[in-house]
Amino acid sequence: MAWTWFHRLGSPPYIYALAARLTPWFAWPAAVLTIVGLYAGLVLAPPDYQQGDGYRIIYVHVPSAWMSLMVYTTMAVSAAIGLIWRIKVAHAVAASCAAMGATFTFAALVTGSLWGAPMWGTYWEWDPRLVSELILLFLFLGYMGLRSAIDDVQRADRISAVLAIVGVINVPIIHFSVEWWNSLHQTSSVFRRAGPAMPMSMLLPLLTMFVAFTLMFAALLLTRLRAEVLSRERSASWIREVVSA
Amino acid sequence: MTEIRNETVDTTTTSEASFASTATPALAAARLVLARDLRLAFRRPGEMLQPLVFFAIVTTLFPLAITPELSQLRVVAPGVVWVAALLSSLLALEFLYREDAHDGTLEQYALSGQSLTWLLFAKTASHWLLTGLPLALMAPIAALALGAPMSSVPGIVASVAVGSIALSLIGAIGASLTLGVRRSGVLLSILTLPLAIPVLIFGASATSRAIAGEDYSAPLYLVGAIAVLGITLAPLAAAAAVRISLE
Amino acid sequence: MSTLGLRGEGLHLWRGDRHILRGVSLELRGGEVLQLTGSNGAGKTTLLRTLSGLIYPEEGRVLWAGEDIRKDLRAYHAQLAYVGHEPPLKADLTPRENLHYWIGVRQRLTASAIDQALDEVGADEWRDRAVRTLSAGQRRRVALAGLKLLTAPLWLLDEPTTNLDTAGQDLVGRLIEAQVARGGMVIAAVHHELALPTLMVRRMQLAAS
């Protein structure tokens with residue numbers, strides 16, 4: 001009996017309805033917190049004594065970078081669940097994650113490079129964090145490429161799940177190797193993030209943005225998941241009922 | 001198995017005894033997989049040499065594109081050698097799995113009663129013997145031509161030899177993932193190269209330290225650690241992917 | 001119980017929108033032959049691959065000797081010989097070498113056993129020629145020699161008589177008869193009826209989806 005909820009989670013119509021019901025619970029708080037966080041970060045927080053107002057891009061950059069890793073992990077974990085327990089919905093979750101993850105990663109790269117422009121006087125520096133982020137983008141693109149290269153959805157699900165798992169094992173190794181590579185070449189990084197010594201007035205907006213981005217991801221994921229379920233189950237009879245209702 | 005029994009057999013209660021045969025021990029099975037791939041490669045020596053020729057050509061391009069000045073080439077030599085080795089290793093991978101998938105050999109491996117993981121490990125070993133090892137022997141020649149001193153040869157051989165083990169294993173994952181894919185060549189590279197970045201970083205670092213006459217043991221150990229991790233995990237992932245592609 | 005037997009229970013499989021296996025159930029005991037017929041795309045190969053454990057059915061299960069084959073797939077595969085519609089041969093190797101590697105990975109083999117099996121399928125003349133120089137029918141005969149060497153109680157054969165002349169088709173019949181006489185079982189997917197005058201052959205027709 002304890003397994004009923006587990007099985008219901010595997011049923012597409014149930015997931016479709018559940019996702020629809022849950023979306024506003026994430027979307028509205030995400031919207032409110034984004035406005036609050038941005039206002040606090042861009043207006044209320046004091047300028048940095050060294051970087052002036054330039055540092056304020058961290059309120060988008062840091063949460064994006066953090067989300068890129070979190071989305072990859074979510075993707076790999078749901079892919080593993082799909083692979084091991086053969087739950088189709090878990091594969092649909094993984095599939096929905098990829099494009100969003102790539103977008104967050106891309107946003108982190110662009111904002112990082114924009115931040116770098118006034119600091120280094122150049123848009124691209126071979127900074128270890130930016131390089132790690134770039135490799136992560138390649139991993140996302142590879143995952144999406146593999147998926148789109150396989151016509152059969154189930155096979156695409158399972159093959160790309162193996163890739164996601166291999167990738168998630170590799171991410172820390174890549175990160176470590178890139179850090180090591182950087183320490184080797186001693187390029188003094190101007191691109192230093194504020195440590196824990198950051199004053200509360202700067203830190204609170206950042207934490208708010210973290211929460212806002214996470215909720216936004218959840219809301220987007222649920223929405224994408226519904227689209228994914230619709231396209232996968234397009235020939236099922238329950239879809240006709242949902243669409244005509 | 002050669003004798004066919006003439007008496008009538010009670011068809012409902014056949015015991016398994018009439019099908020007794022000695023299963024091949026795992027080690028012998030792996031040796032057969034390895035021997036088959038090596039023999040096939042030696043039947044077509046031209047194809048076997050292609051990655052090495054490719055490696056030689058790529059390393060030749062760099063002095064032509066940059067400068068013939070050895071003092072400058074010496075600086076980029078580790079990078080050149082490693083990028084060329086990485087690409088050559090990839091080049092050979094595609095054939096190795098593709099043919100086996102096409103002619104049903106992988107299917108028979110999966111149905112052999114042996115561990116598919118283990119058989120694919122043997123297959124990866126053959127890939128390394130056919131490309132990794134020759135590359136390790138060729139890399140110092142390329143490095144010498146790019147201005148590396150004679151004393152750096154052992155370090156270069158060691159780093160490319162160990163690094164190419166890891167590359168073969170990572171490549172095996174990529175090759176098995178792209179089995180059921182049309183025009184898989186580019187995709188194979190896109191999937192495999194990012195995963196190979198740590199090997200490239202540590203391997204190139206060991207090579208450049210060897211060229212500079214410094215102690216290269218730390219990065220070499222790190223490459224070795226990745227190779228060991230690869231040995232334990234990569235055949236598992238490859239076997240999972242092969243099974244999925246056979247479904 | 002040591003009774004050998006294969007059972008498929010309510011096997012369902014979808015490929016995208018296509019429902020390929022629609023609740024297939026079958027049972028086979030030692031000494032029985034099952035002939036699968038059906039038009040192209042009816043799912044004969046899919047059913048064989050599902051029974052072999054290569055394909056995981058979305059519903060239903062396959063039992064061997066009363067146990068779900070998923071419990072110990074490798075032990076099940078040791079009892080199974082599967083020959084697909086393309087013989088798993090390497091074009092650059094000779095028939096002898098091919099059998100040495102293909103069958104040798106599974107079970108201990110002697111060179112004389114290989115030669116004997118090749119003799120029996122009429123391959124003694126060309127056993128040392130590269131497979132690439134052989135005709136499709138000759139390759140099929142090499143695959144039959146492999147089947148002869150394999151000591152597995154369960155044979156799953158996909159179109160075993162493709163490309164074979166009349167003598168070759170008779171050879172397939174004799175091999176199956178010998179397998180049955182040993183108490184083994186055979187499932188063969190075929191387009192044309194197998195010539196098995198001495199045996200009771202069960203038939204199963206798969207309808208195209």
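**First stop: a buried leucine**

Select C:Leu54: this residue is buried, because 20 other C-beta atoms lie within 10 Å of its own (buried takes 20 or more such atoms within 10 Å, exposed 12 or fewer, partly exposed anything in between, with C-beta atoms placed from the backbone). Before going further, note that this is a predicted model, where local features need pLDDT of at least 70, side-chain atom pairs count only at pLDDT 80 or more, and totals for chains, interfaces and linings use all residues. Residues are numbered from 1 along each chain as its sequence is written, while chains are lettered from A and ligands numbered from 1 in the order in which they are written.

C:Leu54 sits in the loop between α1 (44–52) and β4 of chain C; helices (H or I, at least four residues) and strands (E, at least two) are DSSP runs, numbered from the N terminus. What is C:Leu54 in contact with, leaving aside its neighbours within four places in sequence? Show B:Ala110, B:Leu246, B:Glu247 and C:Arg49, contact being C-beta atoms, placed from the backbone, within 7 Å.

**Out to the interface**

Now colour the contact between the two chains, with 41 residues from chain C and 38 residues from chain B. On the chain C side, α2 (73–77), β6 (80–83), α3 (95–104), α4 (111–120) and α6 (166–181) each supply at least two residues. The largest share, three residues, is from α3(C).

**The open sheet**

Next, pick out the four strands of chain C in the order β2-β1-β4-β5, an open antiparallel sheet (strands pair if DSSP finds at least two bridges between them). β2 (18–29) and β5 (67–68) of chain C are at the edges with a single partner strand each, so one side of each has no neighbour in the sheet. Zoom in on β4 (residues 59–64) of chain C, which pairs with β5(C) over two bridges; there C:Trp64 is opposite C:Glu67.

**Last stop: an enclosed strand**

Finish at β8 (residues 185–189) of chain C: five of its five residues are buried, so the strand is largely enclosed by the rest of the structure. C:Met185, C:Ile187 and C:Ala189 cover one side, C:Val186 and C:Ala188 the other. In a regular strand, side chains alternate between the two faces of the sheet.

Which strands run parallel to β8(C)? β3 (residues 33–37) of chain C joins by four bridges, with C:Leu34 opposite C:Ile187. β7 (residues 154–158) of chain C joins by five, and C:Leu154 has C:Met185 as its bridge partner.
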